[in-house]
Amino acid sequence: MRSGDRIGGDIKRTELDLVAAKSAAVKPAGLTVPQYAALLALSEHPGAPAATLARLCLTTPQTMTTILQNLVALGLVERTSNQWQRNVLENRLTEAGQARFREADKAAVMVEQKLADAFTDEERAQLRALLQRCSDVLSEK
């Protein structure tokens, strides 16, 4: 199969374009895309432990731990022990983290909206179904 006929290259190119657009969008807020993703997950799941955040952000627990350490150093996230399981750290946005997230999210949503606006409702549904089929095929054992 020639490289131009491989669907994987199209998916990868689109992923790189999306990451580049989101990176440019969240950079003025002083965030990277992985940091923004962690803040987004925490905004929707306050108190989530690192392992849960890693799953939500599609990354490894080790990578998420590094991201969280950087966000703590920036004063955007606080980590506290769970009252019943002392070895589990709960993660929450600080006030500064909430403000920085809101700033970055406005720009990130604009990227997502621009992408969504390029398709009709039916096309978006079809695209999602096709991408899900790709994922299903690739995750078969």
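1. Five salt bridges turn up in a search of the whole structure. A salt bridge here is a side-chain nitrogen of Lys or Arg within 4 Å of a carboxyl oxygen of Asp or Glu. Side chains of opposite charge can pair when their charged atoms come close.

2. The model is predicted: local features need pLDDT of at least 70, side-chain atom pairs count only at pLDDT 80 or more, and totals for chains, interfaces and linings use all residues. Residues are numbered from 1 along each chain as its sequence is written, and side-chain values use heavy atoms, with hydrogens and water left out.

3. Lys 12 pairs with Glu 15, with 3.3 Å between the closest N and O atoms. Both are in helix α1 (residues 7-26), three residues apart, which is about one helical turn. Helices are DSSP runs (H or I, at least four residues), numbered from the N terminus. Lys 12 is partly exposed at 44% relative accessibility, and Glu 15 is partly exposed at 41%. Buried means under 20% relative accessible area, exposed over 50%, and partly exposed in between (1.4 Å probe, protein chains only).

4. Lys 22 and Glu 112 form a salt bridge at 2.6 Å, N to O. Lys 22 belongs to helix α1 and Glu 112 to helix α5 (residues 95-117), so the pair ties together parts 90 residues apart in sequence. Lys 22 is buried at 16%, while Glu 112 is partly exposed at 34%.

5. In helix α6 (residues 121-138), Asp 121 and Arg 124 are three residues apart, about one turn of the helix. Their closest N and O atoms are 2.1 Å apart in a salt bridge. Asp 121 is exposed at 54%; Arg 124 is partly exposed at 27%.

How values were computed: Helices (H or I, at least four residues) and strands (E, at least two) are DSSP runs, numbered from the N terminus.
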